[in-house]
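Here is a short report on a structure with its sequence. Read it with the coordinates open.

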Amino acid sequence: MLKRLIPISLALALLQVTLRFKDDADLARRLRAREPSAMRDLYDRYGKMIYSVIMRIVRDSGAAEDLVQETFLRIWNRIQAFDQERGALGPWVLAVARNRAIDYLRSTDGRMSAGALELERLEHPGQFCHIDERALSMDRSRRLQDAFDKLTPQQKTVVELAYYEGLSQSEMAERLQQPLGTVKTWIRSALKVLREQLSEAAIV
Amino acid sequence: MTCGELRDSYELYSLGILEGEEKREIEAHLGRNCADCQKYLNEALAVNSLVLSHTPGVVPPSRLRRRVMASVGVERTGWTWLAALAAACALIVAMWLSVGKRTADRELAEARRTLQQSVAERDRLEQAFNFLNQPETRQVNFGLDKPAPPRGNFFLNPRLGVLLVASNLPVLQRGKAYEMWVIPKGGTPRPAGLFQAGPQGTAMHILNGAVDANVTLAVTVEPDSGSQSPTSNILFSAGF
């Protein structure tokens, strides 16, 4: 019975992810038109995901709330530069949320403060113009979970440090007290596993 | 390095954590509009977003939605106890006066709108007072040495952000807005939010989020959709 329930619950969760991204182009168009209801829909669609990503990074609810507000303000103020015909709203929103939190994390521990402008550049809406609209599809999401399951504990650790702590490879090596070459092998092989699993999704 | 040799570095590059020679190589390839590298970058951005979308869910507090909506000027959909109480009073008064349903509805809607604006403004003021009460907040004024320019104060708190209070702001053409900029030492200006002045030429603008303690803050006039870099002369500025 339990074995039957797990795939059904996973499928439902993944279906929600797919539906969430389905009409992003229309939502982006309404945001560009400054429709107040669009901002409410944006929050309802991505608010929990943004809060979750930011909380995972900063681990402080007060700071997380400030950063969620900053993220939505940034989307609202920069939406005119977003091309809803070609852009992928979800990936952009997630990148802004993650970068705001990483920037905060770096500023609080005094590390790589000069990287703030680089994060700004990397999250420019123009960067998200040619991403496949199925980037966050149900199929890719399921395959990513399969790929995660294939990673070794060391690979999972460096992925965590890259995405949720914003550590460079040399910073990871220092944190883990491992040779830089070893850390490079771990992170690159981990990303290769993820990428190849997703490439298979595109072929199938 | 060839495009293929850089293939495994694009996720790290787009996360802003790639260093040294590989980073410079990728920037050089992208600068040459290398099609393969652009494709790799797009795929990396997609992988990154998918990984982030798998973050275990945490439910945000309900007040956060109201706060976000208020910060972008979208009217509140939620009811505060104050708004609910006042709207109920307004309803009773309207019925007692028996001025007809349409008139009562109109007055009630107006009262509700006024209350919502007042509550949003109160929230902004509370945020500003909280900002000013922090011991690490520093202040720099601008415009005091000039005959009749914009004048006021920037308050900078490295942890919370920037608070700008300004007066004597000129009336802007339709489609224009004021935009604040944070300029790091030796760096390029980065956008810090749009704002409009009130009818008396006064404005208060808050930039939330950590800010470097040694920056210059500036304001220019931009299209009301905002700009990525200043397109007009600096109206006023101050350095910390």
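Predicted model: local features only at pLDDT ≥ 70, side-chain atom pairs only at ≥ 80, totals over all residues.

Chain A has ten helices and zero strands. Buried residues account for 54% of its 204 residues. Take the contacts in chain A between residues at least 6 apart in sequence: 66% of them join residues at least 24 apart.

Chain B has six helices and eight strands. Its elements run α-α-α-α-α-α-β-β-β-β-β-β-β-β from the N terminus on. Of the 240 residues in chain B, 43% are buried. For contacts in chain B between residues at least 6 apart in sequence, 55% join residues at least 24 apart.

**The interface**

Together the two chains bury about 6,000 Å². Carbon and sulfur atoms carry 60% of that area. A:Gln69, A:Tyr163 and A:Arg195 supply 12% of the area that chain A buries against chain B, more than any other three residues.

Eight salt bridges are counted between chain A and chain B. Polar contacts across the interface come to 16 residue pairs, both residues at pLDDT 80 or more.

B:Glu11 sits in helix α1 (residues 10-14) of chain B. Is B:Glu11 buried or exposed? Its relative accessibility is 0%, so B:Glu11 counts as buried.

Over all chains, the structure holds 24 salt bridges.

| Pair | N to O distance |
|---|---|
| A:Arg45 and A:Asp24 | 2.9 Å |
| A:Asp41 and A:Arg30 | 2.7 Å |
| A:Arg74 and A:Glu70 | 3.8 Å |

Start with the salt bridge of A:Arg45 and A:Asp24. A:Arg45 lies in helix α3 and A:Asp24 in helix α2 (residues 24-32) of chain A, so the pair ties together parts that are 21 residues apart in sequence. A:Arg45 is buried at 17% relative accessibility. A:Asp24 is buried as well, at 8%.

The side chains of A:Asp41 and A:Arg30 also meet in a salt bridge. A:Asp41 lies in helix α3 and A:Arg30 in helix α2 of chain A, so this pair ties together parts that are eleven residues apart in sequence. A:Asp41 is partly exposed at 28%, whereas A:Arg30 is buried at 12%.

A:Arg74 and A:Glu70 both lie in helix α4 of chain A, four residues apart, about one turn of the helix. A:Arg74 is buried, with a relative accessible area of 8%. A:Glu70 is buried too, at 11%. Both belong to a network of salt bridges that links A:Glu70, A:Arg74, A:Arg100, A:Asp103 and A:Glu123.

**Cysteines without disulfides**

The search over all chains finds zero disulfides. B:Cys3 is in no disulfide, and the nearest cysteine sulfur, that of B:Cys34, is 3.3 Å away. B:Cys3 is buried, with a relative accessible area of 18%.

The cut-off for a disulfide is 2.5 Å. B:Cys37 is buried, with a relative accessible area of 0%.

**Positive phi angles**

A:Arg59 has a phi near 55°, a positive value in a residue other than glycine. A:Arg59 lies in the loop between α3 and α4 of chain A. This residue is exposed at 59% relative accessible area.

B:Asn168 has a positive phi as well, near 60°. Its place is the loop between β3 (161-167) and β4 (176-184) of chain B. B:Asn168 is partly exposed, with a relative accessible area of 39%.

Definitions and conventions: Residues numbered from 1 in each chain as written. Chains lettered and ligands numbered in written order. Heavy atoms only, no water. Buried < 20%, exposed > 50% of the residue type's maximum accessible area, 1.4 Å probe, protein only. Buried area = accessible area lost by both parts, 1.4 Å probe. Salt bridge = Lys/Arg side-chain N within 4 Å of Asp/Glu carboxyl O. Polar contact = N/O pair within 3.5 Å; in protein donor to acceptor, adjacent residues only side chain to side chain. Helix = DSSP H or I, 4+ residues; strand = E, 2+ residues; numbered from the N terminus. Contact = heavy atoms within 4.5 Å.
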